[in-house]
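Subject: Structure handover

Hi,

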Amino acid sequence: MFRKKHPKAGARPGTLVISHASPPPVIRVMEYTPESVKEHEIDDVESLRRFLQADAKVWIDVQGFGDEKVIRAIGELFGLHPLALEDVVNVPQRPKAEAYDKHLLWITRMATMVDHGTLQTEQVSMVLGANYLLTFQEMYGDVLDPVRERIRVGKGRPIRNSGHDYLAYAVIDAIIDGYYPILETFGETMEEFENEIVDNPDSSLLQKIHHIKREMLALRRAVWPQREALNKLIRDECEFVTENVRTYLRDVYDHCIQIIDVVETYRELAGGLMDVYLSSIGNRQNEVMKVLTIMASIFIPLTFLAGIYGMNFDNMPELHSAWGYPMLLTIMFAVGVGMTFYFKRKGWLGGQRSRPEE
Amino acid sequence: MFRKKHPKAGARPGTLVISHASPPPVIRVMEYTPESVKEHEIDDVESLRRFLQADAKVWIDVQGFGDEKVIRAIGELFGLHPLALEDVVNVPQRPKAEAYDKHLLWITRMATMVDHGTLQTEQVSMVLGANYLLTFQEMYGDVLDPVRERIRVGKGRPIRNSGHDYLAYAVIDAIIDGYYPILETFGETMEEFENEIVDNPDSSLLQKIHHIKREMLALRRAVWPQREALNKLIRDECEFVTENVRTYLRDVYDHCIQIIDVVETYRELAGGLMDVYLSSIGNRQNEVMKVLTIMASIFIPLTFLAGIYGMNFDNMPELHSAWGYPMLLTIMFAVGVGMTFYFKRKGWLGGQRSRPEE
Amino acid sequence: MFRKKHPKAGARPGTLVISHASPPPVIRVMEYTPESVKEHEIDDVESLRRFLQADAKVWIDVQGFGDEKVIRAIGELFGLHPLALEDVVNVPQRPKAEAYDKHLLWITRMATMVDHGTLQTEQVSMVLGANYLLTFQEMYGDVLDPVRERIRVGKGRPIRNSGHDYLAYAVIDAIIDGYYPILETFGETMEEFENEIVDNPDSSLLQKIHHIKREMLALRRAVWPQREALNKLIRDECEFVTENVRTYLRDVYDHCIQIIDVVETYRELAGGLMDVYLSSIGNRQNEVMKVLTIMASIFIPLTFLAGIYGMNFDNMPELHSAWGYPMLLTIMFAVGVGMTFYFKRKGWLGGQRSRPEE
Amino acid sequence: MFRKKHPKAGARPGTLVISHASPPPVIRVMEYTPESVKEHEIDDVESLRRFLQADAKVWIDVQGFGDEKVIRAIGELFGLHPLALEDVVNVPQRPKAEAYDKHLLWITRMATMVDHGTLQTEQVSMVLGANYLLTFQEMYGDVLDPVRERIRVGKGRPIRNSGHDYLAYAVIDAIIDGYYPILETFGETMEEFENEIVDNPDSSLLQKIHHIKREMLALRRAVWPQREALNKLIRDECEFVTENVRTYLRDVYDHCIQIIDVVETYRELAGGLMDVYLSSIGNRQNEVMKVLTIMASIFIPLTFLAGIYGMNFDNMPELHSAWGYPMLLTIMFAVGVGMTFYFKRKGWLGGQRSRPEE
Amino acid sequence: MFRKKHPKAGARPGTLVISHASPPPVIRVMEYTPESVKEHEIDDVESLRRFLQADAKVWIDVQGFGDEKVIRAIGELFGLHPLALEDVVNVPQRPKAEAYDKHLLWITRMATMVDHGTLQTEQVSMVLGANYLLTFQEMYGDVLDPVRERIRVGKGRPIRNSGHDYLAYAVIDAIIDGYYPILETFGETMEEFENEIVDNPDSSLLQKIHHIKREMLALRRAVWPQREALNKLIRDECEFVTENVRTYLRDVYDHCIQIIDVVETYRELAGGLMDVYLSSIGNRQNEVMKVLTIMASIFIPLTFLAGIYGMNFDNMPELHSAWGYPMLLTIMFAVGVGMTFYFKRKGWLGGQRSRPEE
């Protein structure tokens with residue numbers, strides 16, 4: 001649910017708490033000019049220094065926090081504020097955009113779907129400096145390959161000609177667009193549920209609806225603050241984001257709002273399904289009870305009649321009449337038919353729309 | 001539920017994703033001056049160019065996105081920003097009004113009712129330039145024919161004498177007014193439900209109420225952002241909308257608010273109906289249980305009595321008394337009447353308002 | 001529920017749609033100076049013109065829209081904007097106050113109670129010009145007679161000495177104060193319900209609570225926007241309302257807020273009653289079930305015992321013992337008493353507060 | 001619930017409607033200087049006039065509205081606006097602070113607890129003029145005696161040395177602090193409920209929870225607007241309240257917020273208790289049903305077996321076997337034990353935490 | 001729930017009400033310069049005076065309010081406003097930050113977990129003056145030991161070199177970070193509940209969910225106003241907090257928001273679990289009822305058949321047929337199998353996911 005890597009209460013600001021699950025850092029650099037693209041995989045943090053003085057644009061992507069020394073070295077090289085580095089490493093942080101003197105810290109959250117139906121989110125932190133874009137990811141693997149590919153093949157395209165802020169836009173755009181297929185999957189699941197709830201409302205369905213509600217809460221918690229961060233970047237003047245890129249961010253902002261809209265709608269629908277489910281339980285109970293009542297109401301009086309004539313009184317003239325037995329059978333038959341007819345008129349028998357097999 | 005035509009995450013901004021369901025584009029032009037009206041159906045995008053230089057007012061209506069080349073050509077001819085074109089084609093977008101340098105992009109949502117009770121919405125995008133109004137619709141067919149007719153017959157009327165912004169107003173007004181008959185249909189349906197829920201609360205009703213709640217969510221999602229877009233156009237200075245037309249937009253804005261009010265009211269009423277339905281299930285259960293309890297409580301003790309005198313003990317003096325049998329029958333009758341009377345006093349028998357036939 | 005007289009979607013702004021229920025217009029004029037009052041009933045719209053040039057204050061009250069020509073003539077005489085006239089006639093509009101060049105359009109909603117418990121609301125539109133107050137009502141009859149009476153007898157009173165804005169205040173004050181007795185009626189009804197729900201929770205009560213919730217929604221929808229309109233008139237400078245009258249409007253505004261407060265409280269109470277009702281159904285079910293369980297649990301074992309000794313085995317020594325029968329009866333009695341005692345200890349028998357007659 | 005003393009709709013502003021329950025006015029004056037305190041009980045309104053010209057500070061406290069003439073005389077003497085006087089007398093008004101030319105009208109609401117558990121609120125209106133504080137109370141008796149005592153004994157204390165605004169602060173502080181013991185009482189009641197709901201969830205508890213929810217609504221309605229009024233006095237410059245006293249009002253404001261916080265928390269807890277109650281009903285129902293099912297499931301098959309051998313067929317060899325009877329008894333015993341064991345494994349028998357006596 | 005130490009209504013502002021539970025005050029002073037640290041335990045308030053004139057930084061920590069004289073002496077020594085001292089002692093106050101002339105009063109709330117699952121909060125008040133930080137705690141023991149340790153060992157670290165505002169930041173940071181492990185504990189508990197609710201939904205679980213909801217309300221009530229206080233300190237200029245420290249407070253603020261986010265999420269999840277629980281009760285009821293219905297429906301008709309042939313009519317030819325008995329047994333068997341098959345087809349028997357042992 002919620003596992004924050006947080007330092008012990010009272011620890012020094014800037015204390016890093018690295019998750020055991022986080023793999024050792026892998027550093028990849030894309031260095032590109034409008035004319036050329038070079039890609040490097042770096043072992044030694046020191047060798048990053050030369051990219052900072054290069055003319056080319058540089059995207060440094062760090063995946064995995066498994067080695068505090070490396071992370072600290074990167075932090076020092078790029079002059080990150082201790083609190084900024086803490087925000088990057090001690091995940092999850094709430095998505096936000098915060099301007100420091102020499103760079104912009106932008107914390108976002110990337111979502112992926114593992115198996116059909118389980119949401120996984122991962123923090124992606126961007127540090128946007130004057131001549132570099134630095135991204136941090138907790139785990140290997142991301143949704144950014146199409147962006148890398150666009151850099152590789154994008155000669156003459158804005159992505160090669162524009163600044164680092166455009167690159168940051170491309171990253172956030174890919175991350176936010178990654179929420180759409182997830183919403184679609186959930187939408188399909190809910191449509192299945194709406195059908196199933198009619199045909200076969202069993203208790204596992206309830207669990208699944210609860211699961212969806214939970215995932216929707218997680219999604220909202222992931223996207224809502226990103227909307228705020230984007231809004232802040234669009235409104236506030238900030239030297240690291242140019243006017244032109246702001247137009248593009250407005251587009252991402254619209255997507256965020258749309259995602260939140262859909263999430264809210266799904267939450268309300270899930271709540272509605274819960275109501276439908278609860279009342280379908282009530283309906284089934286009615287049905288069970290009707291079967292019991294019909295069976296008992298027909299046979300209990302009949303058994304009573306049979307009981308009467310099973311008594312051993314000496315003086316029971318009916319017992320000795322030749323017509324006693326067939327007459328009683330006729331009466332019993334009449335009572336049975338009468339009760340059946342009575343329940344039919346009450347609508348408890350047959351004609352029930354929801355269960356045509358009865 | 002929610003099927004957005006969105007490019008793959010990480011795709012270049014401006015990537016168009018055209019729905020397979022969208023038919024090939026049909027382009028219709030209405031060219032009109034206060035004195036005359038001409039209507040054209042255009043095959044070749046290039047031939048649109050001359051309308052841009054004409055003195056007459058021009059309404060270019062594009063229905064269907066089925067051919068990306070045509071759409072891109074239109075985008076280039078009118079100088080649409082790649083993001084604007086993306087918003088037009090990759091439906092659904094959230095309704096909004098966005099000012100670009102040379103035009104205003106205004107995304108709205110048109111609703112129609114297919115069969116009695118199912119809502120269908122379609123995105124209508126307007127591009128309002130200095131000397132044209134360009135509208136895009138995903139599908140053929142719309143609610144704008146009365147506007148076209150008003151242009152044709154409206155000699156001397158404001159619609160012929162005013163600018164393109166007035167035309168855009170006429171379009172949005174027709175779209176928003178198109179929500180009223182839909183609300184009325186839903187209102188009638190809900191009144192039917194309120195009556196049915198008394199007479200015949202079955203489980204299909206629950207499904208229908210859930211359906212209405214869902215449609216109300218869809219309606220709210222369609223109208224709410226249109227209200228925001230209108231508000232923005234009314235408040236913010238914007239060269240494409242004149243002061244005079246703003247007064248008219250205020251009227252459309254009021255209609256939007258009224259629609260949202262009604263939608264919210266319907267949602268709350270639907271929620272209330274759900275409660276009524278749930279408790280009517282509980283009431284029915286009580287009724288079934290009462291029948292069972294009454295039958296069992298009357299006949300089980302009687303059957304016990306019969307069982308007593310069905311025993312084969314040698315020494316049961318009552319069995320040999322001449323009065324044993326009639327006496328027992330009398331006792332049984334008394335017990336039966338007593339129980340019936342007891343249940344009557346408890347109010348479980350007869351006098352039940354909701355089921356007078358019992 | 002919601003029946004708006006709206007023109008067909010796409011119709012020209014200013015199209016009037018007159019309800020068939022609306023009677024032919026009756027025009028009454030009150031012309032008064034501090035010294036004198038004259039009342040006229042007008043047949044011909046043209047003859048209204050002279051009042052506009054009079055020195056006296058003039059209140060023109062139009063009841064009924066049944067004749068479009070008359071309404072249009074009035075609109076032209078007073079120079080009403082087409083949209084303003086549309087708002088007046090195509091009811092219901094959302095209450096609002098809108099300033100035009102030459103007059104203020106103020107749409108309010110008047111509520112009355114028809115039979116005990118059903119709310120009826122009617123739109124009252126005021127047009128406040130420099131030298132007249134013009135009111136429109138859909139139907140004959142209103143709550144304004146006390147205002148008329150105050151004008152008649154109010155020599156030396158503010159109502160005769162102040163301007164048209166004070167008269168408009170008197171009208172809105174009467175309309176808003178008309179909501180108080182309605183709230184009181186609903187409050188009494190709800191207190192009755194709170195008592196009834198203890199003594200006799202039947203399903204018709206549920207219907208009535210649902211009805212109240214619905215009326216509360218209608219009330220809120222009527223009053224809430226009036227609050228906004230009043231607030232706008234109090235805050236915004238507007239030439240048609242003087243500073244002095246604004247103090248009075250503040251008072252009406254407070255009443256609006258109080259009404260909304262009470263409506264919200266009633267809605268929450270109605271929701272709470274629904275919960276009480278639902279759980280009282282559950283309690284009754286428990287009670288029914290207890291009766292069944294007690295009856296069955298006592299008599300089923302006894303019947304089984306009787307069944308045993310009704311068997312026809314040759315070798316059943318108990319049957320032939322002289323003490324068999326009385327012994328069995330004693331055992332049966334003991335079992336019966338034991339079960340009763342057990343249920344008493346469980347608290348299922350007697351001592352139940354809610355049903356002392358058992 | 002809600003009984004407002006309101007004039008008939010359309011009545012003249014300033015019309016007073018005096019509750020029949022309100023006793024005749026009693027006027028008490030405290031006249032104090034830093035050195036001395038004098039207390040007077042006044043019969044004749046005219047004699048109040050001299051206090052207005054005195055150098056001493058004056059607190060005039062009017063309890064009871066039972067005589068309109070007296071109230072009107074006071075209103076005229078102190079130059080109250082007709083609307084102000086109406087707000088004072090036609091209770092309940094929404095708490096508010098309103099600045100008039102010559103005085104500040106401050107309407108508050110005082111709460112007391114009558115019997116254990118029923119809340120009673122009363123309007124206290126303060127008129128704060130340049131050289132007097134005038135308070136109006138609907139009924140005799142209040143929570144202000146400690147304030148009076150502080151004036152009497154407070155030589156050298158701020159209450160004697162400061163202005164009338166400090167006195168008004170002391171009054172409002174006493175009124176707001178009077179809510180704390182009420183909240184504590186409700187808190188204790190709710191704790192009792194939380195315990196009782198486990199041990200003995202009966203239907204009277206539900207009524208009591210509903211009662212608490214209702215009282216919480218009343219409390220919120222009483223305190224929420226007082227918060228607004230205080231906020232207005234703290235923010236807005238107003239000649240009647242000095243900077244120094246504003247610091248003290250900030251403290252009262254904090255108390256208001258805390259009270260609202262607690263009220264909201266109690267409301268949510270009461271809602272939670274309702275849920276617990278509803279599900280405890282469901283649990284009890286399960287329990288009752290289990291007893292029934294166990295009894296029926298054990299004895300019905302046994303009774304059937306007994307029924308078999310009670311039949312009178314000529315050809316039933318078991319009947320004539322010497323072992324038939326003991327064998328059947330053994331089988332019956334085995335079936336009974338088997339069923340019991342089955343239900344035990346299902347967890348329906350014994351080991352139930354909530355009812356250890358079974 | 002809510003036990004405020006509040007003076008009697010109407011008491012003088014500044015009246016202190018000391019909880020009987022509060023131990024006698026223990027005063028500890030940390031005096032430190034970049035070079036050295038000294039710690040003192042003080043008995044006599046007067047001896048605090050010399051620290052105020054020292055060059056070193058001073059943190060005075062007062063734990064326990066058990067002696068009003070000591071508290072008042074401290075208040076006088078540091079020149080605390082009577083209302084400030086009241087806020088410090090009369091706990092609980094709503095967390096807030098309030099600037100006085102000579103110091104900043106900052107009321108926060110510290111949370112700890114006692115036994116697994118019960119939240120305890122305690123008010124910590126900070127008075128931040130020009131040359132001291134004064135903290136008050138109601139009880140002995142806190143979460144601040146790591147901060148003290150950082151001072152002791154932090155030579156050359158910011159905590160020794162920065163001002164008192166940095167120290168105050170370290171304190172609030174430790175307090176807020178102390179909420180994280182609490183959230184984690186609750187998160188784990190809720191995960192346990194989610195599993196348990198499937199396997200073993202009993203009524204104690206409901207109590208626990210209610211308990212969690214209650215604790216979440218308490219947490220929100222503790223953290224929400226701290227967020228406001230932090231926001232105020234970050235936005236408003238205030239001489240006691242430097243720009244540099246504000247950056248750090250922004251970080252604490254983010255943590256506050258994250259905590260509130262998680263608390264809200266947990267509340268919604270707890271609400272969802274309540275729904276799951278309620279419907280699982282319904283499901284169990286269905287199950288119980290099915291067992292009853294199946295047993296009754298199979299055996300009641302069979303018993304009836306046995307009853308028929310237990311009758312004593314003279315004229316019952318079946319009784320005397322050699323095949324009567326075996327035939328009847330066959331019929332009975334067929335009926336039993338038929339009913340079983342019928343219930344199997346209805347899905348009431350076997351194949352039930354949630355109870356595989358049946």
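This is a predicted model: local features need pLDDT of at least 70, side-chain atom pairs count only at pLDDT 80 or more; totals for chains, interfaces and linings use all residues.

Domains in chain A. The domain assignment gives domain 1 as 1-157 and domain 2 as 288-345. The C-alpha centres of domain 1 of chain A and domain 2 of chain A are 83 Å apart.

Contact between chains B and C. Chain B puts in 57 residues and chain C puts in 51 residues. The largest share comes from α9(C), with 19 residues. By class, this side of chain C has 26 nonpolar, 14 polar and 11 charged residues.

Strands in chain C. Start with β5 (residues 103-114) of chain C. This strand is mostly covered, with 9 of its 12 residues buried. Two strands of chain C pair with β5(C).

- β4 (residues 96-99) of chain C pairs with β5(C) in the antiparallel sense, over 4 bridges. A hairpin of 3 residues joins β4(C) to β5(C). C:Ala99 has C:Leu104 in β5(C) as its bridge partner.
- β6 (residues 118-129) of chain C also runs antiparallel to β5(C), and 12 bridges join the two. C:Thr112 sits opposite C:Gln120 in β6(C). The hairpin of β5(C) and β6(C) has 3 residues between the strands, and there C:Asp115 takes a positive phi near 35°.

Best wishes

Note on methods:
Residues are numbered from 1 along each chain as its sequence is written. Chains are lettered from A and ligands numbered from 1 in the order in which they are written. Domain bounds come from an automatic or database domain assignment. Two residues are in contact if their C-beta atoms, placed from the backbone, lie within 7 Å. Ala, Val, Leu, Ile, Met, Phe, Trp, Tyr, Cys and Pro count as nonpolar, Asp, Glu, Lys and Arg as charged, and the others, Gly among them, as polar. A residue is buried if 20 or more other C-beta atoms lie within 10 Å of its own, exposed if 12 or fewer, and partly exposed in between; C-beta atoms are placed from the backbone. Two strands pair if DSSP finds at least two bridges between them.
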